[in-house]
Amino acid sequence: MSENLFFSTIELADDHLILGHRLSEWCGHAPTLEEDLSLPNLGLDLLGAATNLYSLASNLEGGKRSEDELAFGRIEKEYKNCLLVEKPNENFGHTMLKQLYFCVFMKLFWNECNSSKNKILAGISAKSQKEMVYHIRHSGEWVIRLGDGTEESHFKMTEAINELHPYTEELFYMSEVSLNCAKKNYLPDRLKIKKAWEKEIRDIFKEATLPYPSIVHFQIGGRNGIHTETMGHLISTMQYLQRTYPGQTW
Amino acid sequence: MVSLNGDLRPEEPPNLYSEVWDLVSSIPDPEVPCITIHDLGIIRALNVIKNQVMIKLTPTYSGCPAINAIELAVEEKLRENGFIPVVERVLSPPWTSDWITKEGKKKLKDYGIAPPPPVTNIEENSFFSTQSVACPKCNSSNTKKVSHFGSTACKAQYSCNSCLEPFELFKCI
């Protein structure tokens, strides 16, 4: 069982690390000073959750690899994050939408995970869930403001939806390891929260006067280690320090 | 009863637990140095057995970079005073701003940071909420939120419409 839980924890940890890294790329580039403070702070919360998850994974593996080695010492195919979180940053609205998709999912996921049979996961859930509520308030307000803003901001948000929405299906993808963990009540069944996720996103889009897309072809692959072209570039930047000076700790 | 003689040493040894408590609880928060880690409510347990001190600390936010500095400061303070520290980081139950002590909230206000309102007043997913926060300088409640995030993850930025001063709010979580 601990092997299934290890790989499922890695899926979760990788999602947080990669999205946190994407947020850190905004540092010094955000459209306003306030957002320049917001985005790295949001990234820190995600990195904090990733640290907790990698630390748990390291324990599950019997300490074979440290949390730093798990975060920065693997090759591309060993990362099991969903493709949504590795999507490169484009405009600010695009990032806010990506955050909203992910954070609404994680809030619902952690809410179910509070009753996990694994006490450490239950502890991480309770802590992270509160933070997700905060993140949703931030990104949700921006999606509404930009969707219901000017003609140009509305157009850009629609473009962002068309590009990112096909990647949301993977949030609900149940890999074999996750199925095994769900059966044993270690982790929630991702499919069970799909309806609630859609409803929350629909409600926000309605307020933002944005169309909820009907998409037939979804993009998946990350959970099996098949990533988009940009993942290699991301990893080469993210792992630079660890590859150059091996054994650094965070 | 502890009386002091010439060289400022207590005549009889004070209670060991209270000595350790005084040492640890007075350590300032590195990011908001006006309050101590006790004021912040992050000391979750303290146990003293002979010269070994077991202490449990909890981070305010998952990604709070101050927790590492705080753990180091606690270890250093205890070692300096001849104790062997065993610091454990605990996540559960999760920290809430309600754990900030009354004294801590007062110190925050005096320092110019609006203390967090009680958590029960916050509604989930309340977009564009206009929760009123009193200005820590002039006490006016005619204030506006500038940004959800300030210089640290635990603070939001506000400005006062009455005295026109910008200020930070210690966020409610």
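## About the model

In this predicted model, local features need pLDDT of at least 70 and side-chain atom pairs count only at pLDDT 80 or more, while totals for chains, interfaces and linings use all residues. Residues are numbered from 1 along each chain as its sequence is written, and chains are lettered from A, with ligands numbered from 1, in the order in which they are written.

## Where chain A meets chain B

Let's start with the meeting of the two chains. The contact draws 26 residues from chain A and 22 residues from chain B; two residues are in contact if their C-beta atoms, placed from the backbone, lie within 7 Å. On the chain A side, the elements that supply two or more residues are helix 2 (33-60) and helix 6 (119-147). Helices (H or I, at least four residues) and strands (E, at least two) are DSSP runs, numbered from the N terminus.

Helix 6 of chain A gives the most to this side, with 16 residues. By class, the side of chain A that touches chain B holds 11 nonpolar, eight polar and seven charged residues. Here Ala, Val, Leu, Ile, Met, Phe, Trp, Tyr, Cys and Pro count as nonpolar, Asp, Glu, Lys and Arg as charged, and the others, Gly among them, as polar.

## Helix 6 and its partners in chain A

Two packed helices are described by the angle between their axes and the distance between the axes. Axes are lines fitted to C-alpha atoms, for helices over the stretch in contact, and angles run from 0 to 180 degrees between N-to-C directions. Helix 5 (residues 92-113) of chain A packs on helix 6 of chain A at an angle of about 150°, with the axes 7 Å apart. Helix 5 of chain A is therefore roughly antiparallel to helix 6 of chain A; angles under 35 degrees count as roughly parallel, over 145 as roughly antiparallel, 65 to 115 as roughly perpendicular and the rest as oblique. Their crossing is left-handed, a term used if the near helix is turned anticlockwise from the far one by less than a right angle (right-handed if clockwise). This contact has 16 nonpolar, nine polar and one charged residues.

How do the axes of helix 2 and helix 6 of chain A cross, and within what distance do they come? They cross at roughly 165° and come within 11 Å, so helix 2 of chain A is roughly antiparallel to helix 6 of chain A. This crossing, too, is left-handed. Helix 2 of chain A contributes residues including A:Leu42, A:Ala49 and A:Leu53, and helix 6 of chain A contributes residues including A:Ile124, A:Glu131 and A:His135. In class terms, the contact of helix 2 with helix 6 of chain A divides into seven nonpolar, five polar and two charged residues.

Chain B has three helices and seven strands, in the order α-β-β-α-β-α-β-β-β-β from the N terminus. Of its 173 residues, 32% are buried (buried means 20 or more other C-beta atoms within 10 Å of a residue's own, exposed 12 or fewer, and partly exposed in between, with C-beta atoms placed from the backbone). Among contacts in chain B between residues at least 6 apart in sequence, 51% join residues at least 24 apart.

The chain is divided into domain 1 (16-89) and domain 2 (111-170), with bounds from an automatic or database domain assignment. The C-alpha centres of these two domains lie 29 Å apart. Seven residues of domain 1 of chain B are in contact with five residues of domain 2 of chain B, and the domain 1 side divides into four nonpolar, two polar and one charged.

## Residues worth a look

Some loops deserve a visit in your viewer. In chain B, a cis peptide bond with omega of about -5° joins B:Ser92 and B:Pro93. B:Pro93 lies in the loop between strand 3 (84-89) and helix 3 (102-111) of chain B. B:Thr120 belongs to the loop between strand 4 (113-114) and strand 5 (143-147) of chain B, and is exposed because it has 8 other C-beta atoms within 10 Å.

Which residues other than glycine have a positive phi? One of them is A:Thr209, with phi of about 55°, in the loop between helix 9 (194-207) and helix 10 (230-238) of chain A. A:Thr209 is partly exposed, with 13 other C-beta atoms within 10 Å. Another is B:Leu164, with phi near 65°, found in the loop between strand 6 (155-160) and strand 7 (166-170) of chain B. B:Leu164 counts as exposed because it has 10 C-beta neighbours inside 10 Å.
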